[in-house]
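Please examine the sequence and the three-dimensional structure shown below.

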Amino acid sequence: MADKTNARAEQGINTRLAHTGNNPSDFHGFVNPPVVHASTVLFPNARTMETRAQKYTYGTRGTPTTDALCEAINELEGAAGTILVPSGLAAVTVPFLAYLSSGDHVLIVDSVYFPTRHFCDTMLSRLGVTVEYYDPTIGAGIESLIRPNTRLVHTEAPGSNTFEMQDIPAIAAAAHRHGCIVTMDNTWATPVYFRPLDHGVDVSIHAATKYPSGHSDVLLGTVSANAAHWPALSEAMVTLGVCVSPDDSYQILRGLRTMGVRLERHQASALAIAEWLEGREEVARVLHPALPSFPGHDLWKRDFGGASGIFSFVLKAAPEESKAKAHAFLDALTIFGLGYSWGGFESLAVHVNLSDRKVAKAPAEGPVIRLQIGLEDVPDLRRDIEAGLAASNAAE
């Protein structure tokens, strides 16, 4: 198995995605692993039952289906272990519960996914953890915010909705000098374009609902840890009773096979539209890390191997007409759907709410529109956006 893993590490990403997480010879030559539905697992005798001396003991602790997905994610992330959880949000909250205790202080990037902020401000605070938000561009300066009781630093790059880049290696180095755990929500890039554990992060978080699924029909999250932090994460999964269905695991594993080629399409189409939007007079700014004009472009170019299909732009509008123009833009779209989430085959648009920000304030030039660029043809998407911009211009 070690030789097979080492050989795969030298292969291209699409080859690895096509073959990781399954061994057909283990299942009579079938290309895909079986979907094993399980709660009860039988033991051959009382002694084996008492000592749990067999690989599978109960459905919540894994099946051949969930193990196949975990193995695939471990290879992609370079992780010691991976747990599967029911959603991307759970992929954030479970490690927080695994590593934090009452009296701890945690640093959370201010451009964080809003449901993560809500969890921190409600349940985590109620459990006695002090939460502090920091500027996503702080880099090594985060060391000045670390207290004697700081236990964890949470990162997300690019940031939700406004796509601020973070200097992940610098933040990780500063955090580790003080014994802090570093977690990262890496959903935007996936391990195809960025491997957090290779850049000093201890725990990599991924909403597999997005690109691994690819079809907007599965909710699932993955959490992958390095060797030092894997035991506590694994124990938390068992203690909390967190598990996922074998059917969803199978769907994500199947989605991984085409994730690389889908990401290439998402990346190319999104960048083409972002570059085009930069030239539109209705647009104040385009928030896409792969654009040279973006403030965090150099960090993206240094650390990331590519970009995905989601970015935002700032629509020019006076404060009093901001919402009306944003809604007019959205309501005129016919190809872009109005919906949350992203990473699927279809394009989506949303007017993002940035009123929760404490440090990284919302752009002042107008409303922020987030676009998920799907697999449709770029000329069609451009015409749809043009219709939206025309409707926005006419709105009062």
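Around the second largest pocket there are 22 lining residues, and those nearest its centre are Arg 61, Gly 62, Asp 67, Cys 70 and Met 237. A pocket here is an open set of points on a 1 Å grid over the protein atoms alone, with protein on both sides within 12 Å along at least five of seven lines, and lining residues have an atom within 4 Å of a point. The model is a predicted one, in which local features need pLDDT of at least 70 and side-chain atom pairs count only at pLDDT 80 or more, while totals for chains, interfaces and linings use all residues. Residues are numbered from 1 along each chain as its sequence is written, and side-chain values use heavy atoms, with hydrogens and water left out.

The second largest pocket has a volume of about 340 Å³, a volume being the space filled by probe spheres set on grid points that are joined across faces, edges and corners. At least two residues of its lining come from each of α4 (64-77), β1 (81-85) and α9 (230-240); helices (H or I, at least four residues) and strands (E, at least two) are DSSP runs, numbered from the N terminus. By class, this lining divides into 10 nonpolar, nine polar and three charged residues. In this division Ala, Val, Leu, Ile, Met, Phe, Trp, Tyr, Cys and Pro count as nonpolar, Asp, Glu, Lys and Arg as charged, and the others, Gly among them, as polar.

The largest pocket holds about 760 Å³ of space. It is lined by 33 residues, of which Tyr 113, Phe 114, Pro 115, Asn 161 and Arg 370 are the closest to its centre. Two or more lining residues are given by α5 (88-99), α6 (114-126), β6 (203-207) and β11 (348-351), and β6 gives the most, with three. The lining comprises 16 nonpolar, 12 polar and five charged residues.

Asn 161 and Arg 370 return in the surroundings of Ser 312: leaving aside neighbours within four places in sequence, Ser 312 is in contact (heavy atoms within 4.5 Å) with Asn 161, Phe 163, Val 286, Leu 287, Val 368, Ile 369 and Arg 370. Ser 312 belongs to strand β9 (residues 310-315), and its side chain reaches the backbone oxygen of Asn 161 at 2.6 Å. With a relative accessible area of 0%, Ser 312 is buried; buried means under 20%, exposed over 50%, and partly exposed in between (1.4 Å probe, protein chains only).

Side chains of opposite charge can pair when their charged atoms come close. A salt bridge is a side-chain nitrogen of Lys or Arg within 4 Å of a carboxyl oxygen of Asp or Glu, and by this rule the count is 14. One of them joins Glu 164 and Arg 357 (3.4 Å, N to O). This pair links distant parts of the chain, 193 residues apart: Glu 164 lies in the loop between β4 (150-156) and α7 (168-177), and Arg 357 in the loop between β11 and β12 (368-372). Glu 164 is buried at 15% relative accessibility, and Arg 357 is buried at 6%.

Another salt bridge joins Glu 282 and Arg 280 (2.9 Å, N to O), and Glu 282 is buried, with a relative accessible area of 10%. In the salt bridge of Asp 380 with Arg 383, the closest N and O atoms are 2.3 Å apart. These two residues are separated by about one helical turn because they stand three residues apart in helix α13 (residues 378-394). Asp 380 is partly exposed, at 28%. Elsewhere, salt bridges that share partners join Asp 110, Arg 117 and Asp 356 into one network.

Definitions and conventions. A polar contact is a pair of N or O atoms within 3.5 Å; within protein, one must be able to donate a hydrogen and the other to accept it, and residues adjacent in sequence count only if both atoms are side-chain atoms. On a 1 Å grid over the protein atoms alone, a cavity is a set of points where a 1.4 Å probe fits but cannot get out, and a pocket is an open set with protein on both sides within 12 Å along at least five of seven lines; lining residues have an atom within 4 Å of a point.
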